[in-house]
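Work through the exercises below with the sequence and the model open. Try each task before reading its solution.

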Amino acid sequence: MHAPVWSRVTARAIIGHGADTLFGMPSYVWQLLHAEADALRAYGDLRKVFYGGEHFAQEQQRTLKATFGIEAARRPWSGDQGRRRSGTVGDGRGPSVAGVRFRVRSRGPGAGGGSTTR
């Protein structure tokens, strides 16, 4: 069985940009992770999944942790009572949702291999 084109393109973007956090519907994230399991497990830097709509069953959350190393899979507003904070470019804080700060790391050509907060 071949993986769909969308999943290959998405996995390449995740890996190429050094993402450690995914946002999406659980069914989409589940399909992506399983269609591109080998590449994403080899990448190994995914840590968090924030989702909306349907929810991940407990067994699915255990699979995310055991198979893909996902440390947290939750709705972005859980534990934060709906509060949203955002930083501005260059303020050193970076944008955050539910108290989680997001960093954009560029691994593309000319990026110098460094990590930058945007």
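**Exercises on a predicted model**

Leu33 touches Leu22, Leu40, Leu46, Leu64 and Phe68, leaving aside residues up to four places away in sequence. The model is a predicted one.

**Exercise 1.** State how many helices and strands the protein chain has, and in what order they run.

Solution. 
- Step 1: Count the elements. The secondary structure of the protein chain comes to four helices and six strands.
- Step 2: The order is α-β-α-α-β-α-β-β-β-β.
- Step 3: The protein chain has 118 residues, of which 29% count as buried. Among contacts between residues at least 6 apart in sequence, 56% join residues at least 24 apart.

**Exercise 2.** Find which residues of the largest nonpolar core touch the most other members, and which elements give two or more residues to this core.

Solution. 
- Step 1: Take the 17 residues of the core. Leu33 and Leu46 touch the most other members.
- Step 2: List the elements. Those giving two or more residues are helix H1 (5–17), helix H2 (26–35), helix H3 (37–43), strand S2 (48–51) and helix H4 (58–68).

**Exercise 3.** Decide how H2 and H4 are oriented to each other, and say which residues make the contact.

Solution. 
- Step 1: Recall what is needed. Two packed helices are described by the angle between their axes and the distance between the axes.
- Step 2: Read the values. H2 and H4 pack at an angle of about 30°, and their axes are 12 Å apart.
- Step 3: Apply the cut-off. Angles under 35 degrees count as roughly parallel. H2 and H4 are therefore roughly parallel to each other.
- Step 4: The crossing of H2 and H4 is left-handed.
- Step 5: Name the residues. H2 contributes Trp30, Leu33 and His34, and H4 contributes Gln60, Thr63, Leu64 and Phe68.
- Step 6: Sort them by class. The contact of H2 with H4 has four nonpolar, three polar and no charged residues.

Note on methods
Residues are numbered from 1 along each chain as its sequence is written. This is a predicted model: local features need pLDDT of at least 70, side-chain atom pairs count only at pLDDT 80 or more; totals for chains, interfaces and linings use all residues. Side-chain values use heavy atoms; hydrogens and water are left out. A nonpolar core is a set of buried Ala, Val, Leu, Ile, Met, Phe, Trp, Tyr and Cys residues joined through side-chain atoms within 4.5 Å. Buried means under 20% relative accessible area, exposed over 50%, partly exposed in between (1.4 Å probe, protein chains only). Contact means heavy atoms within 4.5 Å. Axes are lines fitted to C-alpha atoms, for helices over the stretch in contact, and angles run from 0 to 180 degrees between N-to-C directions. Angles under 35 degrees count as roughly parallel, over 145 as roughly antiparallel, 65 to 115 as roughly perpendicular and the rest as oblique. A crossing is left-handed if the near helix is turned anticlockwise from the far one by less than a right angle, and right-handed if clockwise. Ala, Val, Leu, Ile, Met, Phe, Trp, Tyr, Cys and Pro count as nonpolar, Asp, Glu, Lys and Arg as charged, and the others, Gly among them, as polar.
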